[in-house]
Amino acid sequence: MTDYLQDINKTTVSEGEPLKLAVVGHTNTGKTSLLRTLLRDMYFGEVKNEAATTRHVERALISDSQTGENLVALFDTPGLEDASGLMDWLEDNTASRRDGIERLQQFLASDIAKSDAQGDGLNNALEDYSQEAKVIRQLLSSDMAIYVIDAREPVLGKYKDELAILSWSAIPVMPVFNFTDSQDANISDWQTMLARRNLHISTRFDSVAFEFEDEMTLWQNLATMLTHPDTLNQLIVRRREDWAQLYEQASIIIAHFLIDVAAYVREIDEDDDPLPVLTEMQEAVRQSERTMQGKLLNLYKFYDNTAVVTPLELSEYQQDPFDPELLKSYGLRTTSGAAAGALLGLGIDAAALGTTLGLGAAIGGIAGGILSNTSTIADKLTGVKRLFIDPATLTLLATRSLDLLASLRHRGHAANADTPIAELQEATTPPWNPNKLPSELKKARGKPQWSSLTSGKSSLAEELRADAAWSLSDKLKRSRHEEKD
């Protein structure tokens with residue numbers, strides 16, 4: 001018994017051990033959802049809109065991405081279903097003069113705490129607190145706990161009883177408010193009740209409308225409750241570095257995609273019907289955008305799998321980028337200002353050199369985002385017409401890509417396809433004027449070898465445009481920072 005008490009009373013992390021953090025709370029408050037977001041893992045546990053989805057304690061680790069050292073062991077526990085009933089039992093069957101841990105141990109040794117997992121039905125006729133027992137066993141073997149609160153819930157007696165029972169475990173307990181983005185949140189009432197129970201440190205962490213700084217506050221507040229917070233301080237530093245690196249990688253993915261498309265060029269003879277080539281180009285760009293979107297989803301661990309509802313509604317990003325109405329919705333106009341396809345049959349007289357040069361630059365041959373232009377005198381003399389992606393469409397693709405990235409950075413891993421995020425519903429501003437493309441995209445016009453769509457050589461094209469992609473990624477990040485300012 002003595003060794004057991006020494007173990008369960010430990011409130012600091014021993015050297016080389018991960019901090020053991022129990023995640024507890026009433027049933028259906030979003031404990032598993034919160035863990036999914038902390039772990040960046042939409043596959044962890046089971047989430048349903050019904051009571052007692054988690055029936056057993058599940059363990060997950062957060063490691064140092066550089067050293068591989070396990071920093072935090074998170075324990076997802078079943079929901080507390082009847083704390084008030086358990087409190088009544090404790091008051092009736094344990095001595096009030098004994099300390100909290102002793103009273104909880106007496107409960108764990110009783111018949112009502114024993115699991116009915118074998119299905120023998122012995123507990124069915126009795127009070128069954130086997131789920132609460134699982135929570136308490138985990139509490140007594142953890143370093144600290146977070147108590148997840150559904151901020152939409154009113155402060156009820158059952159929650160007060162839960163906190164009283166949790167306090168008997170003699171480990172630091174920090175309340176965490178979930179679903180704080182809801183208009184029905186009752187955080188002020190909850191904070192008043194918590195303060196009366198000497199719980200003055202709490203934090204907000206919405207597992208749907210995610211904010212990275214909220215996560216940092218969560219870890220920082222937990223660190224203040226430990227005698228030796230070195231492990232959590234190490235985690236905070238690493239998580240910041242990892243988050244910044246994710247943004248860097250995502251920006252480079254988008255930059256590579258935009259340059260790949262900007263450098264995409266197809267040549268046809270002056271008298272050839274451009275429609276088949278235009279159709280092929282459009283489909284190639286659509287596929288390239290879908291590939292880029294998939295890379296971003298995977299980078300932020302929102303895996304698009306039919307077995308799991310993708311927690312990001314992609315329909316708005318799946319709209320055809322060559323739809324003129326979509327261009328209008330972003331306040332963009334094609335180079336000619338004409339409707340897509342209106343000038344599809346327009347020919348360019350290769351013999352009228354000066355006139356054609358002006359005509360081509362002014363109205364081109366817009367066909368659903370594809371610009372037809374005899375860009376050099378040599379092309380005109382040989383009767384060659386080059387087709388490439390219109391600047392307005394490039395700007396649209398850039399805007400949509402940055403919008404998707406913003407969504408992923410503010411989307412918790414508990415979100416589903418029906419969960420809108422209010423701050424992302426407003427239309428965003430394009431990162432540049434279509435008439436003033438970044439120099440990297442302008443340069444790509446004359447570098448068809450930079451495009452895998454042109455050359456068919458993905459690895460070589462990516463290597464050739466690498467420097468330009470790094471440069472463009474910085475401009476993409478600055479464009480959104482300036483927009484926020």
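Author: What follows goes through strands, the nonpolar core and salt bridges in turn. Keep in mind that this is a predicted model.

Reader: Which residues of strand 5 lie on each side?

Author: V173, P175 and F177 are on one side, and M174, V176 and N178 are on the other. Both faces are covered, as these residues are all buried.

Reader: Which strands does strand 5 pair with?

Author: For pairing, look at the bridges between strands. Strand 4, residues 144-150, runs parallel to strand 5 and is joined to it by 6 bridges. Within that pair, I146 stands opposite M174. Strand 6, residues 203-204, is also parallel to strand 5, with 2 bridges between them. There, V176 has T203 as its bridge partner.

Reader: How does the chain get from strand 5 to strand 6?

Author: Follow the path between the two strands. The chain passes through helix 7, residues 187-195, in a right-handed β-α-β crossover. Strand 4, helix 6 (residues 157-167) and strand 5 also make a right-handed β-α-β unit.

Reader: Now the core. How many residues are in the largest nonpolar core, and which have the most contacts inside it?

Author: A nonpolar core is read as a set of buried residues joined through their side chains. The largest one here has 73 residues, and L21, V72, W219, L222, L232, L258 and Y300 have the most contacts inside it. Helix 9, residues 230-262, supplies the largest share of this core, 14 residues.

Reader: Take one of these residues. What does L222 touch?

Author: Leaving aside residues up to four places away in sequence, L222 touches L21, M144, I146, M174 and L232.

Reader: Last, the charged residues. Why can side chains pair?

Author: Side chains of opposite charge can pair when their charged atoms come close. In this structure, a search of the whole finds 19 salt bridges.

Reader: Which residue does R238 form a salt bridge with?

Author: R238 pairs with E241, and their closest N and O atoms are 2.4 Å apart. Both residues lie in helix 9, 3 residues apart, about one turn of the helix. R238 counts as buried at 16% relative accessibility, whereas E241 is partly exposed at 40%.

Reader: Which salt bridge links distant parts of the chain?

Author: Look at R465 and D260, whose closest N and O atoms are 3.6 Å apart. R465 is in the loop between helix 17 (458-464) and helix 18 (466-484), while D260 is in helix 9, 205 residues apart from R465. R465 is buried, with a relative accessible area of 6%, and D260 is buried as well, at 5%.

Reader: Which residues do shared partners join into one network?

Author: Salt bridges that share partners join E17, K20 and D143.

How values were computed:
Residues are numbered from 1 along each chain as its sequence is written. This is a predicted model: local features need pLDDT of at least 70, side-chain atom pairs count only at pLDDT 80 or more; totals for chains, interfaces and linings use all residues. Side-chain values use heavy atoms; hydrogens and water are left out. A nonpolar core is a set of buried Ala, Val, Leu, Ile, Met, Phe, Trp, Tyr and Cys residues joined through side-chain atoms within 4.5 Å. Buried means under 20% relative accessible area, exposed over 50%, partly exposed in between (1.4 Å probe, protein chains only). Helices (H or I, at least four residues) and strands (E, at least two) are DSSP runs, numbered from the N terminus. Contact means heavy atoms within 4.5 Å. A salt bridge is a side-chain nitrogen of Lys or Arg within 4 Å of a carboxyl oxygen of Asp or Glu. Two strands pair if DSSP finds at least two bridges between them. A crossover is right-handed if, with the strands pointing away from the viewer, the path from the first strand over the helix to the second runs clockwise.
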